[in-house]
Amino acid sequence: MKKIEAIIKPFKLDDVRESLAEVGITGMTVTEVKGFGRQKGHTELYRGAEYMVDFLPKVKIEIVIADEMVDTCLETIMKTAQTGKIGDGKIFVVDVARVVRIRTGEEDEDAI
């Protein structure tokens with residue numbers, strides 16, 4: 001099993017969620033996060049004063065899936081979240097050793 005963590009632009013969340021549902025991925029955790037990479041933040045004007053915004057709003061999607069779904073999931077997120085501009089985000093793939101569903105005690109892929 002793998003855990004996919006995708007950091008994307010907030011306005012792309014609904015499109016990504018719908019695209020993932022179309023390929024059979026329905027469960028996910030979504031968190032509002034802030035950060036920056038090469039984008040480096042930006043400046044804003046407030047009451048006539050310019051100030052630096054270091055951390056930009058992003059959305060982190062976390063999905064745990066079977067190994068055979070990884071490529072489909074990655075392609076779907078990349079295709080849907082891409083705007084072609086700086087700050088589109090990143091995707092991380094991490095091994096998952098064990099999953100347990102608290103309610104039933106089911107484990108691993110049965111628990112997903």
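**Pocket lining and salt bridges**

Seven nonpolar, four polar and two charged residues make up the lining of the second largest pocket in this predicted model. Strand E5 (residues 56-65) supplies the largest share of that lining, with four residues. The space in the second largest pocket amounts to about 210 Å³. Of the 13 lining residues, Gly27, Met28, Ile63, Val64 and Ile112 are the closest to the centre of the pocket.

Attention now turns to the charged side chains. Six salt bridges are present in the structure. In one of them, Lys2 pairs with Asp95, and the closest N and O atoms are 2.2 Å apart. Lys2 belongs to strand E1 (residues 2-8) and Asp95 to strand E6 (residues 89-95), so this pair ties together parts that lie 93 residues apart in sequence. Asp95 has a relative accessible area of 58% and is exposed, because the cut-off for that class is over 50%.

A salt bridge also links Asp88 and Lys9, at 3.8 Å from N to O. Here Asp88 sits in the loop between helix H2 (70-81) and E6, while Lys9 sits in the loop between E1 and helix H1 (13-22), so the pair ties together parts 79 residues apart in sequence. Asp88 and Lys9 are both buried.

Arg98 and Glu107 form a further salt bridge, with an N to O distance of 3.0 Å. Arg98 is exposed, at 56% relative accessibility, whereas Glu107, at 33%, is partly exposed.

Notes: Residues are numbered from 1 along each chain as its sequence is written. This is a predicted model: local features need pLDDT of at least 70, side-chain atom pairs count only at pLDDT 80 or more; totals for chains, interfaces and linings use all residues. Side-chain values use heavy atoms; hydrogens and water are left out. On a 1 Å grid over the protein atoms alone, a cavity is a set of points where a 1.4 Å probe fits but cannot get out, and a pocket is an open set with protein on both sides within 12 Å along at least five of seven lines; lining residues have an atom within 4 Å of a point. Grid points are joined across faces, edges and corners, and a volume is the space filled by probe spheres set on the points. Helices (H or I, at least four residues) and strands (E, at least two) are DSSP runs, numbered from the N terminus. Ala, Val, Leu, Ile, Met, Phe, Trp, Tyr, Cys and Pro count as nonpolar, Asp, Glu, Lys and Arg as charged, and the others, Gly among them, as polar. A salt bridge is a side-chain nitrogen of Lys or Arg within 4 Å of a carboxyl oxygen of Asp or Glu. Buried means under 20% relative accessible area, exposed over 50%, partly exposed in between (1.4 Å probe, protein chains only).
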